[in-house]
Amino acid sequence: IAGQTRICRLEERNAKIFYRGVDIEDLAGKVSFEEVAWLLFAGRAEYLKRYDNGSGFEKFSFDLKVSWKKFDHKKFWENVDLAIRACPREAHAMDILRQAIGAFGAHDERKDCQGEDADREIATDLIGNFGYFVGLVHRYKSGAEPLLIVPLNKGSLAANALYALGEKPTELEVDIMDLLFTLYAEHEFNASTWGGVRIAATVGTDIYSGIINGLNNLKGTLHGGANETASRFIRGCARLEGRLEEFLIAEVGKALRKEIGWKMPGFGHAVYRNGDARVPILKEYVRALACQQKNMEFFRLCESIENSMLKARDIYLK
């Protein structure tokens, strides 16, 4: 046993994820990410009484929304601005993000306490500011000026993240971003959490160093970076037109016979054997977004790839 935790549990056979004992199907799209963060942060008992008078959730939710205001602009945010601009614009976004958070954390004296109260306070600020950090990196890479912008004073973290990215999102787009925050909030002992943040914590480093260590792992092409690989692969499949199913089935066959060292991007998982619990939830939201934007082409392509892979599974593995 590598570790035991009440925070998150995966059921591999049934393709289920539980946050603090609550099925994500009862959370995703039904409560806000802020509420999900409170569940993970404070526990199930506190989550269930989150709307009671005097509950800690009200303060937690407020702190998330105003977290960026808490810090001296010149000391913290202008230092982040300088750190971002010191990176080449063509650098990978995760490399720039790592520099930005490191520059921010360098001025946060709370981290040196390494006490639970200080770490919880920093963690709350990081949850509230992460969308802003990502937005600043995106603005830099896309050449937008000014780099530092004032976040919205109202709205959800999801809405603010899209605003920081320079978007004017629809309600559905905000809902999908909020959903993504929820679906990716926890995943038990994944590489960035376990091999990055938690192991770093055991050697007595500060919370910022742990988070940056997790980001380093998340960049990996077999972890978070797999999303980029899958995206490039899907776009490449668009050029196959009527040969898509034939091509994928043939490639899977060659890989199983070890004729090639090919791995299908976006399919297969170190834990799940009956599909990823997050996919069915997200799929219907993506379908709705494609309909709203009157562009079903990419969605249909993804479905074609999915159906081809299911057919390949039936041919080779049944």
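Student: Which helices do the buried residues of H4 pack against?
Tutor: They pack against helix H5 (93-105) and H6. Keep in mind as we go that this is a predicted model.

Student: And which residues of H4 are the buried ones?
Tutor: Phe76, Trp77, Val80, Asp81, Ala83 and Ile84.

Student: Why would the numbering come in steps like that?
Tutor: An α-helix has 3.6 residues a turn, so residues three or four places apart point the same way.

Student: OK, changing topic to charges. How many salt bridges does the structure hold?
Tutor: There are 27 salt bridges. As background, side chains of opposite charge can pair when their charged atoms come close.

Student: What does Lys70 pair with?
Tutor: Lys70 meets Glu121 in a salt bridge, at 3.9 Å from N to O. That pair links distant parts of the chain: Glu121 belongs to helix H6 (residues 116-142), while Lys70 is in the loop between helix H3 (56-66) and helix H4 (73-85), 51 residues apart.

Student: Is Glu121 buried or exposed, or in between?
Tutor: In between: Glu121 is partly exposed, with a relative accessible area of 38%. Lys70 also counts as partly exposed, at 40% relative accessibility.

Student: Are Asp108 and Arg110 buried or exposed?
Tutor: Both are buried.

Student: What about Glu11, what does it form a salt bridge with?
Tutor: Arg9, with the closest N and O atoms 3.0 Å apart. Glu11 is partly exposed at 23% relative accessibility, and Arg9 is partly exposed too, with a relative accessible area of 40%.

Student: Last one: which residues make the nonpolar surface patch?
Tutor: Leu256, Ile315, Tyr316 and Leu317 make a patch of about 390 Å².

Student: Which helix gives the most to it?
Tutor: Helix H14 (residues 297-317), with three residues. Leu317 lies in that helix, H14.

Student: Why does Leu317 count as exposed?
Tutor: Because its relative accessible area is 59%, and exposed means over 50%.

Note on methods
Residues are numbered from 1 along each chain as its sequence is written. This is a predicted model: local features need pLDDT of at least 70, side-chain atom pairs count only at pLDDT 80 or more; totals for chains, interfaces and linings use all residues. Side-chain values use heavy atoms; hydrogens and water are left out. Patches are made of residues with over 30% relative accessible area and no salt bridge: like charges are joined within 9 Å, nonpolar side chains (Val, Leu, Ile, Met, Phe, Trp, Tyr) within 5 Å. Accessible areas come from the Shrake-Rupley method with a 1.4 Å probe; for residues, only the protein chains shown count as cover. A salt bridge is a side-chain nitrogen of Lys or Arg within 4 Å of a carboxyl oxygen of Asp or Glu. Helices (H or I, at least four residues) and strands (E, at least two) are DSSP runs, numbered from the N terminus. Buried means under 20% relative accessible area, exposed over 50%, partly exposed in between (1.4 Å probe, protein chains only). Contact means heavy atoms within 4.5 Å.
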